[in-house]
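Please open the model in a viewer and follow the stops below in order. Each stop names a selection and describes what is found there.

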Amino acid sequence: MQITDETLETVSQILLRCSIIGFILLLYWWGWLEFGRDLAYSMHNRIAPSISREQFDMIHYIGMILTKLWVVLLFLIPYLATRLVIRRRRAG
């Protein structure tokens, strides 16, 4: 199966857009917790009233770390690898 440069270009653009969307999601998540922490905690406290503020912060902190890790591993690194393949094909 022959993969064309056009296909690689399309895949790289999709991966780039997924990376950007993932980082926008993280920025939104951080902003919501930074500027609306009390509101977010009170909303979550209605669902799980036994959770402390420290546990709430830790859950969201770990969630943000894992989300960032997945965005980098699943989208950003494959994007960079695809761009390297495209560059090598054009040079050779």
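Helices (H or I, at least four residues) are DSSP runs, numbered from the N terminus. The model is predicted, so local features need pLDDT of at least 70 and side-chain atom pairs count only at pLDDT 80 or more, while totals for chains, interfaces and linings use all residues. Residues are numbered from 1 along each chain as its sequence is written, and side-chain values use heavy atoms, with hydrogens and water left out.

Begin with Tyr-61, which is placed in helix H3 (residues 53–91). Tyr-61 counts as exposed because its relative accessibility is 52% (buried is under 20% relative accessible area, exposed over 50%, partly exposed in between; 1.4 Å probe, protein chains only).

Next, select Asp-5 and Arg-89, which form a salt bridge with their closest N and O atoms 3.1 Å apart (a side-chain nitrogen of Lys or Arg within 4 Å of a carboxyl oxygen of Asp or Glu). This pair links distant parts of the chain, with Asp-5 in helix H1 and Arg-89 in helix H3, 84 residues apart. Asp-5 is partly exposed at 36% relative accessibility, and Arg-89 is partly exposed at 35%.

Move to Arg-37 and Asp-57, whose side chains meet in a salt bridge (3.8 Å, N to O). Arg-37 lies in helix H2 (residues 37–47) and Asp-57 in helix H3, so this pair ties together parts 20 residues apart in sequence.

Then select Arg-53 and Asp-38, a salt bridge with the closest N and O atoms 3.4 Å apart. Finally, display Glu-9, Arg-83 and Arg-90, which a network of salt bridges links.

Notes
Helices (H or I, at least four residues) and strands (E, at least two) are DSSP runs, numbered from the N terminus.
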